[in-house]
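Hello,

Here is the structure I promised to pass on. My notes follow below it.

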Number of protein chains: 2
Amino acid sequence: MEIDYKNIKVIGFDADDTLWVNETYFREAENEFCKLLSNFETFNKIDHELAIKHMQHLSLYGYGVKGFMLSMVEVALELSNNTVSSKTINQILDIGKEMLNKPVELLDDVELVLKELSKKYKLIVATKGDLLDQERKLEKSGLLDYFHHIEVLSDKKEANYSKLLNHLDIKPSEFLMIGNSLKSDILPLVNIKANAIHIPFHTTWIHEQVKASETNGKVYKTINTLKELTELLN
Amino acid sequence: MEIDYKNIKVIGFDADDTLWVNETYFREAENEFCKLLSNFETFNKIDHELAIKHMQHLSLYGYGVKGFMLSMVEVALELSNNTVSSKTINQILDIGKEMLNKPVELLDDVELVLKELSKKYKLIVATKGDLLDQERKLEKSGLLDYFHHIEVLSDKKEANYSKLLNHLDIKPSEFLMIGNSLKSDILPLVNIKANAIHIPFHTTWIHEQVKASETNGKVYKTINTLKELTELLN
């Protein structure tokens, strides 16, 4: 079964790693963090503990850089048996602040594709994460004018999307979601009978990875570049 | 000039310190923080430095507990000249986690008033702060069913409210905002010719305080308790 493009009225775009680089900055930050703590543990162990802590904290802190910063501080205290220096804690805070102040690096052809599609479709952004972070990135991106509506969701589960479609007053068959995460941008949409196109990014956060059994039998399309969208949707 | 109640279609409620206790928990946390650092500085100095740091960080971290936690850690490092112990850093993180896990303590008559007003008006929540925090508090509050719509804003300036009214598809004269902060819930509304009723809470965060000159000549109503709303709006 193919997507019936002529039904589509609204196209939703994920933001991080779909419109602009994000995961790469987290990887870089993790590397810096591991280097800072290299006196206490192996790189691998530090990286692993941080990943676990970050995920454990998601329900408390939610997605975004601030929760990640708090997790880094806590892992540093734990792995050093409370002997980490104040200097190192300061450096950890600086890693986070640097992430928040990064410029927005658009992925290839984003502007061209949005310009083209906005002539024919209503475009929205549907992103999860920290409200202020995401608004700031959109502002910096220069892409705001292409979007009719920005929706920052606290999570991207089926219920969040159903609420969004309700709010947009459209049927699932009239909505197409574009994103890099199978777990957050694709499967929940397929499950509520909306449409989804997957554009993989070169790194995927472990929290966003799904087992093959979860995608088995699900109908969605995978493309390699954003630019292919203009051909599919014209 | 009085508010013309018969025009009102939608009533917006601020959440923190309007529907439930919030500022009190920040005050308690500040006290605990000052006690933790009492070896390094006077209570007054610590409290002052934390207030300044928290406000300086608002543009970077936004409103909410996580940014407050990160500010506490940074102030502890600074005021101790980087000699604060890891144990204290851990205790600071615990102060923040406790704040996030607090039960929601409704203010007097909230449920009664919402029940009454929801029969005649469309009610919404318009709150600033952390998306996840605010959704969690609304969930815990048991009040979700009274509200047609929940809007978490990254800030509460005139432009944020204009966008909200646009989105609700109503005229400013048809909107009434209820809240405890003159700066965030009242003055921006008055300035865009919408209606506002101020219900002071017993403590106001210094960041939310306004000078007398700012309220001079502005038309809004002040009442002492939420319950008075049912008389005004019936």
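How many of the 15 residues of helix 4 of chain A are buried? Before the answer, one caution: this is a predicted model.

**Helix 4, chain A**

The count is 14 of the 15, so helix 4 of chain A is largely enclosed by the rest of the structure. The helix covers residues 65-79. From first C-alpha to last it reaches 21 Å, close to the 21 Å expected at 1.5 Å a residue. Just after helix 4, A:Asn81 takes a positive phi of about 50°.

**Helix 5, chain A**

Helix 5 of chain A spans residues 86-100. Its 15 residues should span 21 Å at 1.5 Å a residue, and its end C-alpha atoms are 21 Å apart, which agrees. Its buried residues include A:Ile89, A:Ile92, A:Leu93, A:Gly96 and A:Leu100. A:Ser86, A:Thr88 and A:Lys97 are also among the buried residues. What covers them? From chain A, the cover includes helix 1 (23-36), helix 4 and helix 7 (131-141). Chain B contributes too, with helix 3 (58-61) and helix 4 (65-79).

**Helices 1 and 5, chain B**

In chain B, the axes of helix 1 (residues 23-36) and helix 5 (residues 86-100) come within 10 Å. They cross at roughly 170°. Angles over 145 degrees count as roughly antiparallel, and helix 1 and helix 5 of chain B are therefore roughly antiparallel to each other. On the helix 1 side, the residues that meet helix 5 include B:Tyr25, B:Phe26, B:Ala29 and B:Phe33. On the helix 5 side, they include B:Ile92, B:Ile95 and B:Met99.

**The sheet, chain A**

Chain A has an open sheet of 6 strands, in the order 3-2-1-4-5-6. The pairing is parallel. Strand 3 (149-153) and strand 6 (221-222) are the edges, and each pairs on one side only. Strand 4 (residues 175-179) and strand 5 (residues 195-198) of chain A pair over 4 bridges. One pair to look at: A:Gly179 has A:His198 in strand 5 as its bridge partner. Helix 9 (residues 182-191) of chain A lies across strand 2 (122-128), strand 4 and strand 5. The helix runs at about 150° to strand 5.

**The two chains**

How do the copies relate? A rotation of 180° with 0.0 Å of shift along its axis superposes chain A on chain B, with an RMSD of 0.0 Å. That is the relation of a two-fold axis. The same surface serves both copies: of the contact residues of chain A, 100% recur in chain B.

Best wishes

Conventions: Residues numbered from 1 in each chain as written. Chains lettered and ligands numbered in written order. Predicted model: local features only at pLDDT ≥ 70, side-chain atom pairs only at ≥ 80, totals over all residues. Heavy atoms only, no water. Pairing = 2+ DSSP bridges. Helix = DSSP H or I, 4+ residues; strand = E, 2+ residues; numbered from the N terminus. Contact = heavy atoms within 4.5 Å. Axes fitted to C-alpha atoms, helices over the stretch in contact; angles between N-to-C directions. Least-squares fit on C-alpha atoms with pLDDT ≥ 70 in both. Expected span 1.5 Å × (residues − 1). Buried < 20%, exposed > 50% of the residue type's maximum accessible area, 1.4 Å probe, protein only. Parallel < 35°, antiparallel > 145°, perpendicular 65-115°, else oblique.
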